Structure formats: structure tokens, C-alpha cells
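This report describes a single protein chain, from selected residues to the whole fold. Please consult the sequence and the structure below while reading.

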Amino acid sequence: MSEKSIEKTAVSAGELDSTQGRTTIADTVVSKIAGLATKEVSGVYALGGGTARAVGAIRERIPGSSTNHSQGISVEVGEKEAAIDIQLVAEYGVAIADLAAGIRSNVIAAVERMVGLHVVEVNIEVQDVHIESDDDGAEAGATVSEPRVQ
């Protein structure tokens, strides 16, 4: 079965360069597709590191701005191949090895199907684990203004 998928990929990548012209895929195209495919996987809380998420949150509050779907995604795109690095925050309780395998599978399938590039690697860096009580605790902690030490 894997031989057929490799064969399909080779044919698709070959279509990017034909006698009738050449198709070039920009890095941003691959990073957006990879970002959206990553977000589709259950157990992914957010993409990017702490700074990227903070900047993204500020950007989303500006009227008329759009969501950055490639936040936390970096790619290297060649003529026929692509390599993808993903930084993310996982939901607490999710098996991280299973999450990474699911993300890898979804990203490779999406990029190879939509763009026709062979994905040689998908590196995943889990930077944090989101705990739902952290959100509640941060809000409750912000309202308490009593000093701990007098």
C-alpha cells in the first residue's frame, strides 16, 4: 500500500514542473496548510510558543485583522520536497506520542494532497500543556489583591 502512495506523490510532484510551464509553491502556502491540518487534530490547544501566541492574541483583537494560520509553523520548501517544524501547546490528558503521530499523519496527507510536494519530515515540539484550571486560576488570581507578606 505504501508503494502506491509513494508512486502517487512522485506523479503529483512531477506535475509541478511540466513541458507547459512550472509551478512554484511559496513557503507561506505550505505553512498555512500545515497549520490548518494541525489544528484539525483533537488535543491541540494552540500553535506556537508563548511569545507567538501573545502576539497572535493581540493581532486577533484588532478590528479587521485576520488569524495567522501559520503561527508556530516553519517550513523549508524545495522543488519537490518539504520539511515542516511545528511548535504547539497540547491539551492536558492527551497522549503526546499519539497526538504527534496524528498530527504528522494529517499534515503529511494534507500537504501532499493539496500541494503535490513530498513531505520528508514533520518535527513536532510540544512547548507546553494546557490545563483548563489554569485559565480559571489566572482570572481568580487577578481579582485577589491581598499581599502575601506584610
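## Ala82 in strand S5

Ala82 is found in strand S5, strands being DSSP runs of E with at least two residues and helices runs of H or I with at least four, both numbered from the N terminus. Ala82 counts as buried because its relative accessibility is 1%; buried means under 20% relative accessible area, exposed over 50%, and partly exposed in between, with a 1.4 Å probe and protein chains only. Setting aside neighbours within four places in sequence, Ala82 is in contact (heavy atoms within 4.5 Å) with Val30, Glu76, Val77, Leu117, His118, Val119, Val120 and Glu121.

## Basis of the model

This is a predicted model, in which local features need pLDDT of at least 70 and side-chain atom pairs count only at pLDDT 80 or more, while totals for chains, interfaces and linings use all residues. Residues are numbered from 1 along each chain as its sequence is written, and side-chain values use heavy atoms, with hydrogens and water left out.

## Ala90 in strand S5

Strand S5 also holds Ala90, which counts as buried because its relative accessibility is 0%. Apart from residues up to four places away in sequence, Ala90 touches Gly43, Tyr45, Leu99, Val126, Asp128, Val129 and His130. From Ala90 to Ala100, 10 residues apart along the chain, the C-alpha separation is 9.8 Å.

Asn123 is partly exposed, with a relative accessible area of 35%, and Gln127 is partly exposed at 34%.

Beyond its neighbours within four places in sequence, Asn123 is in contact with Ile84, Asp85 and Ile86. Asn123 and Gln87 are 36 residues apart along the chain, and their C-alpha atoms are separated by 8.6 Å. For Gln127 and Gly48, 79 residues apart in sequence, the C-alpha to C-alpha distance is 8.1 Å.

## Charged residues

A search of the whole structure finds one salt bridge, defined as a side-chain nitrogen of Lys or Arg within 4 Å of a carboxyl oxygen of Asp or Glu. The side chains of Glu79 and Arg22 form this contact, at 3.5 Å from N to O. The pair links distant parts of the chain, 57 residues apart: Glu79 is in the loop between S4 and strand S5 (81-91), and Arg22 is in strand S2 (residues 21-22). Both Glu79 and Arg22 are exposed.

Asp27, Glu76, Asp85, Glu121 and Glu125 gather in a surface patch of negative charge. Such a patch joins like charges within 9 Å, among residues with over 30% relative accessible area and no salt bridge; Asp and Glu count as negative, with the charge placed at CG of Asp or CD of Glu. Glu76, in strand S4 (residues 73-77), counts as exposed because its relative accessibility is 62%.

## Overall architecture

The protein has five helices and six strands, in the sequence order α-β-β-α-β-α-β-β-α-β-α. Buried residues make up 29% of its 150 residues. Of the contacts between residues at least 6 apart in sequence, 74% join residues at least 24 apart.

The protein exposes about 10,100 Å², of which carbon and sulfur atoms supply 50%; accessible areas come from the Shrake-Rupley method with a 1.4 Å probe.

Conventions: Patches are made of residues with over 30% relative accessible area and no salt bridge: like charges are joined within 9 Å, nonpolar side chains (Val, Leu, Ile, Met, Phe, Trp, Tyr) within 5 Å.
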